[in-house]
Amino acid sequence: MLAQGGVPLVTDDPETPGANHWEINLAATGDHTSAGWQIAAPQADINYGWGEHVQLTLLVPWNLVREPGQSWKSGLGSSQVGIKWRFIDIEDAGFSMATFPQFTWNWLSSSVNRGVAAPGRQFFLPVEAATVAGDFGLAAELGRNFVQDGPSEWVAGFVVAHSCGQRVECVCEVHETATPHTSQTLVNLGFHWQLSESLFVLGAAGREFGPSNADQSRFHFYLGLQILR
């Protein structure tokens with residue numbers, strides 16, 4: 001089955017690393033908005049397969065922020081822990097489903113005070129599904145993001161993946177984030193380039209469409225390495 005969702009995209013899929021295997025993603029990712037740049041470099045996304053159907057996740061970013069007319073600021077960003085459980089796995093039909101609760105919080109209040117990390121905590125509860133249709137891999141995600149210091153969000157994403165060569169897979173996604181008063185749609189194009197059995201180059205770029213505001217991403221990017229062990 002194709003890789004479908006997950007990094008370098010925002011929408012995730014039900015896949016897990018496998019029993020006692022690691023998936024480590026080291027990347028630079030960021031967004032350019034009317035309020036400036038926010039970049040995570042490096043961003044360490046560490047995943048461990050606890051059995052065949054469960055994934056444990058820890059994500060820790062080092063953030064760099066620049067507002068118009070100001071110099072760059074940096075510091076530890078909001079960290080995230082999660083546990084993915086693939087509760088349906090029908091290999092013959094190429095169909096799977098999972099849930100992936102994720103909790104995000106700030107380790108350092110100084111990062112919040114300096115504007116390097118967002119205030120408050122978040123809890124994201126999605127359901128993910130994936131299948132294949134001919135030579136295409138398909139994945140979808142729908143969830144609710146509960147935000148402590150802001151409006152909670154409905155989040156939905158859809159991914160299409162297709163082989164673009166012997167070692168390259170092309171992926172694209174449409175990812176919607178909706179609050180009670182507005183919504184933004186991210187259109188994202190990316191690739192997985194396999195260098196060896198355990199090393200991949202991952203990349204993606206896109207932008208958000210919707211009502212203009214200070215948080216709308218005019219340019220979103222992801223570039224990193226994936227290590228499988």
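The radius of gyration is taken over C-alpha atoms, and the globule rule is 2.2 Å times the number of residues to the power 0.38. The structure is a predicted model in which local features need pLDDT of at least 70 and side-chain atom pairs count only at pLDDT 80 or more, whereas totals for chains, interfaces and linings use all residues. Residues are numbered from 1 along each chain as its sequence is written, and side-chain values use heavy atoms, with hydrogens and water left out.

**View 1. Overall fold of the protein.** For 229 residues, the rule for a compact globule gives a radius of gyration near 17 Å, and the 17 Å of the protein agrees with it. The C-alpha trace spans about 55 × 35 × 30 Å along its principal axes. One helix and 14 strands are present; these are DSSP runs numbered from the N terminus, helices (H or I) having at least four residues and strands (E) at least two. Buried residues account for 39% of the 229, where buried means under 20% relative accessible area, exposed over 50%, and partly exposed in between (1.4 Å probe, protein chains only).

**View 2. Strand S7 and its neighbours.** Antiparallel pairing joins S7 to strand S5 (residues 79-90) through four bridges and to strand S8 (residues 122-133) through three; two strands pair if DSSP finds at least two bridges between them. Thr-104 of S7 stands opposite Gln-80, and its bridge partner in S8 is Gln-122. Gln-102 and Thr-104 form the covered face of S7, while Phe-103 and Trp-105 form the uncovered one.

**View 3. Nonpolar surface patch containing Phe-103.** Leu-58, Val-81, Phe-103, Trp-107, Leu-108, Phe-123, Leu-125 and Phe-146 make a nonpolar surface patch of about 660 Å². Patch residues have over 30% relative accessible area and no salt bridge; like charges are joined within 9 Å and nonpolar side chains (Val, Leu, Ile, Met, Phe, Trp, Tyr) within 5 Å. A salt bridge is a side-chain nitrogen of Lys or Arg within 4 Å of a carboxyl oxygen of Asp or Glu. Areas follow the Shrake-Rupley method with a 1.4 Å probe, and for residues only the protein chains shown count as cover. Phe-103, in strand S7 (residues 102-105), is partly exposed at a relative accessible area of 32%.

**View 4. Surroundings of Thr-185.** Thr-185 belongs to strand S12 (residues 183-196). Residues up to four places away in sequence aside, Thr-185 touches Val-174, His-175, Glu-176, Arg-207, Glu-208 and Phe-209, contact meaning heavy atoms within 4.5 Å. The C-alpha atoms of Thr-185 and Ser-212, 27 residues apart along the chain, are separated by 12 Å.
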